[in-house]
Amino acid sequence: MKHYKNYIMNRKELNQLAMLEGVLAFLKENMQALGSNPAIAAKIAKLEEIVNAIRDLLQVQMMTTKAATLPKKELEAALKAGIGKVCDALLAFGTETDQPELITIGAISESEIRNMRDSNLVDKARLVAEAAESVTDSLAAYFVSATDIADLKEKGAAFRTALTAKTLITAQTKESTAAIKTKLAEGRSLLKDELDKLMRPFKTGNPTLFGIYTNARAIYDIPASRKKRTSDQILPNNI
């Protein structure tokens with residue numbers, strides 16, 4: 001099974017997916033013995049459809065999350081650096097010319113910028129850029145140019161756009177999570193309510209095959225590498 005645990009599946013769901021994949025692998029490997037039964041063949045096809053749907057949802061989300069996160073992080077780092085640079089210049093120039101307003105805007109520490117919330121970061125970038133635009137020429141002595149100020153405004157606008165995208169991604173993540181939970185439930189129901197019953201005759205007709213199926217139906221605790229019983233795992237009196 002692919003490693004999806006860094007994305008949207010919790011430990012229990014990872015274990016359930018591993019079980020569904022294990023059962024599907026067993027069924028497909030034994031199609032010669034099982035596929036001649038039309039009812040079982042239909043359930044195998046349905047289970048494969050469910051497992052593939054879960055894999056697709058996970059794959060799409062992995063790509064979407066990576067694409068949305070990296071640009072935002074890069075923008076955030078650049079924006080914070082820009083704010084810090086221009087604020088230092090405003091603080092110095094405000095002190096030189098005794099302008100309390102510029103001193104207030106520029107008097108912010110690196111730790112305060114580093115810990116600033118996303119929405120506050122956007123507001124601060126706008127405030128700093130607007131203040132700097134009014135004294136652009138005077139800031140040259142403090143290593144800030146008109147290009148630096150324009151760049152700060154541009155990065156602030158880009159970061160605001162990235163935040164909107166993040167909100168959309170969060171909504172999509174919730175939708176995908178709900179869809180995965182639904183598909184996992186469908187898979188468990190398919191096994192418990194249908195395939196388990198269809199496989200029951202093999203308990204006496206083909207004990208070896210039935211034993212392998214029962215083992216595949218067990219849910220294992222993947223992270224801890226320990227076999228754990230759960231409420232929807234096969235128990236001796238279930239089939």
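Trainee: Why is Ala-216 called buried?
Mentor: The model is a predicted one, and every value here is computed from it. Ala-216 has a relative accessible area of 16%. The term buried requires a value under 20%, so Ala-216 qualifies as buried.

Trainee: Where is Ala-216 found, and which residues is Ala-216 in contact with beyond its neighbours within four places in sequence?
Mentor: Ala-216 belongs to helix α9. With those neighbours left aside, its contacts are Met-19, Gly-22, Val-23 and Phe-26. Gly-22 is 194 residues away from Ala-216 in sequence, yet their C-alpha atoms are 5.6 Å apart.

Trainee: Which residues of α9 are buried, and what makes them line one face of the helix?
Mentor: In α9, which spans residues 207–217, the buried residues are Leu-209, Phe-210, Tyr-213, Ala-216 and Arg-217. Viewed down the axis of α9, these residues fall within an arc of 120°, and therefore they line one face. Pro-207 and Thr-208, on the other side of α9, are exposed. As a general point, an α-helix has 3.6 residues a turn, so residues three or four places apart point the same way.

Trainee: Why are α1 and α9 called roughly antiparallel?
Mentor: Their axes cross at roughly 160° and come within 8 Å. An angle over 145 degrees counts as roughly antiparallel, so the pair α1 and α9 receives that description.

Trainee: Which residues meet where α1 and α9 are in contact?
Mentor: From α1 there are Met-19, Gly-22, Val-23, Phe-26 and Leu-27. From α9 they are met by Leu-209, Ile-212, Tyr-213, Ala-216 and Arg-217.

Trainee: Which residues touch the most other members of the largest nonpolar core, and which helices supply at least two residues of this core?
Mentor: The largest nonpolar core has 29 residues, and Leu-27 and Leu-47 touch the most other members. At least two residues of this core come from each of α1 (11–29), α3 (38–97), α7 (146–199) and α9. The largest share, eight residues, is supplied by α1.

Trainee: What does Leu-47 touch, not counting residues up to four places away in sequence?
Mentor: Leu-47 touches Leu-20, Val-23, Leu-24, Leu-27, Leu-190 and Leu-191. Another core of 26 residues lies apart from the largest one, with Ile-105, Ala-129, Leu-139 and Val-144 among its members.

Trainee: How do you know that Leu-17 counts as buried?
Mentor: The relative accessibility of Leu-17 is 0%. The cut-off for buried is under 20%, and Leu-17 therefore counts as buried. Leu-17 is part of helix α1. Its C-alpha is 9.6 Å from that of Arg-188, although 171 residues separate Leu-17 and Arg-188 in sequence.

Trainee: What makes Glu-74 exposed?
Mentor: Glu-74 has a relative accessible area of 58%. Glu-74 sits in helix α3. Between Glu-74 and Phe-159 there are 9.6 Å from C-alpha to C-alpha, and the two are 85 residues apart in sequence.

Trainee: What is the phi of Asp-98, and why is Asp-98 called exposed?
Mentor: Asp-98 has a positive phi of about 55° although it is not a glycine. Most residues other than glycine have a negative phi. Asp-98 is located in the loop between α3 and α4 (100–106). Its relative accessible area is 61%; the threshold is over 50%, and Asp-98 is therefore exposed.

Trainee: How do you know that Phe-143 is exposed or buried, and where is its place in the chain?
Mentor: Phe-143 has a relative accessible area of 71%. Since exposed means over 50%, Phe-143 is therefore exposed. Phe-143 occupies the loop between α6 (118–133) and α7. Phe-143, too, is a residue other than glycine with a positive phi, near 70°.

Trainee: How many helices and strands are there in the chain, and what percentage of the residues is buried?
Mentor: The chain has nine helices and two strands, in the order α-α-α-α-α-α-α-α-α-β-β from the N terminus. Of its 239 residues, 37% are buried. Among contacts between residues at least 6 apart in sequence, 70% join residues at least 24 apart. The chain exposes about 13,400 Å², of which carbon and sulfur atoms supply 55%.

Key
Residues numbered from 1 in each chain as written. Predicted model: local features only at pLDDT ≥ 70, side-chain atom pairs only at ≥ 80, totals over all residues. Heavy atoms only, no water. Buried < 20%, exposed > 50% of the residue type's maximum accessible area, 1.4 Å probe, protein only. Helix = DSSP H or I, 4+ residues; strand = E, 2+ residues; numbered from the N terminus. Arc of directions from axis to C-beta. Contact = heavy atoms within 4.5 Å. Areas by Shrake-Rupley, 256 points an atom, 1.4 Å probe, with all protein chains shown as cover. Core = buried A, V, L, I, M, F, W, Y, C linked by side-chain atoms within 4.5 Å. Axes fitted to C-alpha atoms, helices over the stretch in contact; angles between N-to-C directions. Parallel < 35°, antiparallel > 145°, perpendicular 65-115°, else oblique.
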